[in-house]
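Subject: Structure handover

Hi,

Here is the structure I promised to pass on. Please open it first, then read my notes beside it.

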Amino acid sequence: MTPHALLAFGQVRLFDKALLLQLVMAYKGCQVILPSTLSKGIERAIYFMKNHYSVIVIGAGSVGMAAGYYLSKNGIDTLLLDAFDPPHGKGSHHGETRLIRHATAEGGHYVELALKAQELWNQLEKETNKTLFIPTGVLMVGECYSSFIDETLKSAKEYSLPLETLHAAEIQKRWPGFSIPDHFVGYFEPSSGTLLNEECIRAFRQEGLKRNITLQTNTKVNSIDFVSSGAIVKTEENTYYADQVIICAGAWTGKVLSSLGLPLEPVRKTFGWFESNDSVFQYPMLPCFYFSLKDERYYGFPDINGSGVKVGRNDSERKIDPDLMSQDFNKYPSDEGDLRSFLERFLPGAAGKLKQGKACMITKTPDMDFIVDHHPKFPHVKIAGGFSGHGFKYSSVLGKILSQLVIDGHTEYDISKFSISRPALAIV
Ligand SMILES: Cc1cc2nc3c(=O)[nH]c(=O)nc-3n(C[C@H](O)[C@H](O)[C@H](O)COP(=O)(O)OP(=O)(O)OC[C@H]3O[C@@H](n4cnc5c(N)ncnc54)[C@H](O)[C@@H]3O)c2cc1C
């Protein structure tokens with residue numbers, strides 16, 4: 001190693017880790033006293049090497065933690081940074097349970113992903129020996145016509161998914177907890193059910209850490225500088241370097257990527273658990289449910305292990321700034337009021353005392369489709385966000401897709417509808 005090579009140290013390509021390693025070794029073996037500019041350069045290089053990762057994932061929530069897990073399975077050295085300690089109650093993934101439906105109302109392109117996601121959840125269960133999925137089934141109920149139900153039926157037919165049609169009397173006979181008007185109709189998907197979503201995140205975290213991911217919790221990313229061959233990620237305490245970056249910051253994705261001007265809209269949603277002493281509301285006596293009414297949509301879960309019946313309203317929301325969102329359930333009278341009046345109409349025996357209520361955020365895109373793509377200017381940066389209130393069930397397969405985008409530059413799954421350059425997003 002010539003002094004000239006050492007002097008060039010400060011200018012050495014930031015992301016050539018192997019070359020840096022050689023230089024540091026040369027420095028360590030060097031007997032001469034080096035000029036201070038040179039030793040500073042070497043210190044910088046050592047700092048860089050310590051803080052350099054092949055991949056940095058910004059946001060280790062539902063999708064980010066899954067991505068970390070799949071990268072770790074491929075031996076990729078990965079740093080996950082999260083502003084909190086996932087699973088936590090500040091973003092989009094708290095509340096214990098999420099529905100997974102395979103026949104979806106959001107378009108046929110989601111069905112294959114839902115089926116793959118289910119397979120991956122089942123694998124994760126086996127690997128961790130934890131219960132992550134409860135086969136509650138999901139009953140969709142609607143007044144005679146509903147576009148939600150119509151779309152669900154179409155996708156079930158196209159993919160030959162099991163979906164039983166049930167009239168009001170049949171629903172009540174099978175699940176006496178419901179009170180269903182005669183003109184309503186139901187569709188039961190027995191193979192779908194409930195994901196214990198916080199447990200899912202814990203499982204990905206545990207398995208990722210067992211391999212080689214590094215997770216920094218309570219570490220907010222303040223800025224990211226994209227350069228042609230990598231990125232420089234700054235937190236309050238540190239600067240990190242990566243060859244590739246995945247950004248999946250949930251409700252903060254628009255803020256983290258403010259330069260892109262993505263049309264992402266974070267909104268506040270609420271849900272509550274209600275006391276129900278009657279066994280007809282307990283799993284397995286009650287399935288999960290989704291009601292598509294004329295102007296309102298509600299979903300819910302049976303009482304699982306004494307949790308109470310959980311119910312949430314799907315169509316009502318308040319635009320918020322994720323840094324200022326009120327976590328207070330019952331900040332607005334409708335937080336509890338809407339849920340209670342739904343229960344009184346359709347599950348009257350479950351409209352008991354409120355056990356607990358929570359507020360959570362979803363992040364909407366204008367067309368409610370996800371964004372899963374490369375950054376339009378920096379292909380080594382992947383973006384996953386805008387899950388529009390239906391993303392959790394897919395987070396296993398989305399994590400796998402992101403790992404494929406990082407490792408292979410492409411994925412075997414069809415994500416064309418999630419393109420960042422689609423007209424609905426209208427970014428320049
Ligand atoms: C009430 C409610 C009900 C829902 N029901 C369903 C359902 O039944 N089925 C379904 O499939 N989906 C459902 N969803 C949607 C689903 O939960 C979300 O789509 C999913 O959790 C979003 O995952 P995410 O990874 O984008 O966000 P999160 O899981 O919130 O992860 C984002 C992470 O990024 C971190 N972060 C943000 N900014 C920074 C920063 N600057 N630096 C470091 N870290 C940062 C956050 O701390 C967070 O941990 C529901 C959502 C809500 C709110």
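Which residue in β14 is the bridge partner of Val138? It is Cys288. Keep in mind that this is a predicted model.

**Strand β5 and its partners**

Strands β5 (residues 138-142) and β14 (residues 288-292) run parallel and share 5 bridges. β5 also pairs with strand β7 (residues 185-189), here in the antiparallel sense, again over 5 bridges. Val141 sits opposite Gly186 of β7. Gly142 has Val185 of β7 as its bridge partner.

Is β5 buried or exposed? It is mostly covered, with 5 of its 5 residues buried. Side chains in a regular strand alternate between the two faces of the sheet. In β5, one side carries Val138, Met140 and Gly142.

Now follow β7. Of its 5 residues, 4 are buried, so β7 is largely enclosed by the rest of the structure. Strand β6 (residues 164-167) joins β7 through 4 bridges and runs antiparallel to it. Look for Thr165, which stands opposite Tyr187 in β7.

**An open sheet of three strands**

Next, find the open sheet with the order β3-β8-β4. Its 3 strands pair in the antiparallel sense. The edge strands are β3 (97-100) and β4 (133-134), and each pairs on one side only. Between β4 and β8 (residues 193-196) there are 2 bridges. In one of the pairs, Ile134 has Thr194 in β8 as its partner. Helix α8 (residues 197-210) packs on this sheet and touches β3 and β8. The directions of α8 and β8 make an angle of about 50 degrees.

**Around the ligand**

There are 38 residues around the ligand. Which come nearest? They are Gly59, Gly61, Gly91, Gly250 and Gly391. By class, the shell has 19 nonpolar, 14 polar and 5 charged residues.

Why does the ligand lie between domain 2 and domain 3? Both domains give residues to the shell around it, so it lies between them. Domain 2 covers 52-89 + 199-264 + 368-425. Domain 3 covers 138-190 + 265-364.

Most peptide bonds are trans, and most residues other than glycine have a negative phi. These spots depart from that.

- Pro86 and Pro87 are joined by a cis peptide bond, with omega about 0 degrees. Pro87 is in the loop between β2 (78-81) and β3.
- The bond from Tyr283 to Pro284 is also cis, with omega near 10 degrees. Pro284 is in the loop between β13 and β14.
- Met368 has a positive phi, near 65 degrees. It lies in the loop between β18 and β19 (371-374). Met368 has 14 C-beta neighbours inside 10 Å, so it counts as partly exposed.
- Ser388 has a positive phi too, near 50 degrees. Its loop runs between β20 (381-385) and α11 (395-408). Ser388 has 20 C-beta neighbours inside 10 Å, so it counts as buried.

Best wishes

Key:
Residues are numbered from 1 along each chain as its sequence is written. This is a predicted model: local features need pLDDT of at least 70, side-chain atom pairs count only at pLDDT 80 or more; totals for chains, interfaces and linings use all residues. Two strands pair if DSSP finds at least two bridges between them. Two residues are in contact if their C-beta atoms, placed from the backbone, lie within 7 Å. Axes are lines fitted to C-alpha atoms, for helices over the stretch in contact, and angles run from 0 to 180 degrees between N-to-C directions. A residue is near a molecule or strand if its C-beta atom, placed from the backbone, lies within 6 Å of it. Ala, Val, Leu, Ile, Met, Phe, Trp, Tyr, Cys and Pro count as nonpolar, Asp, Glu, Lys and Arg as charged, and the others, Gly among them, as polar. Domain bounds come from an automatic or database domain assignment. A residue is buried if 20 or more other C-beta atoms lie within 10 Å of its own, exposed if 12 or fewer, and partly exposed in between; C-beta atoms are placed from the backbone.
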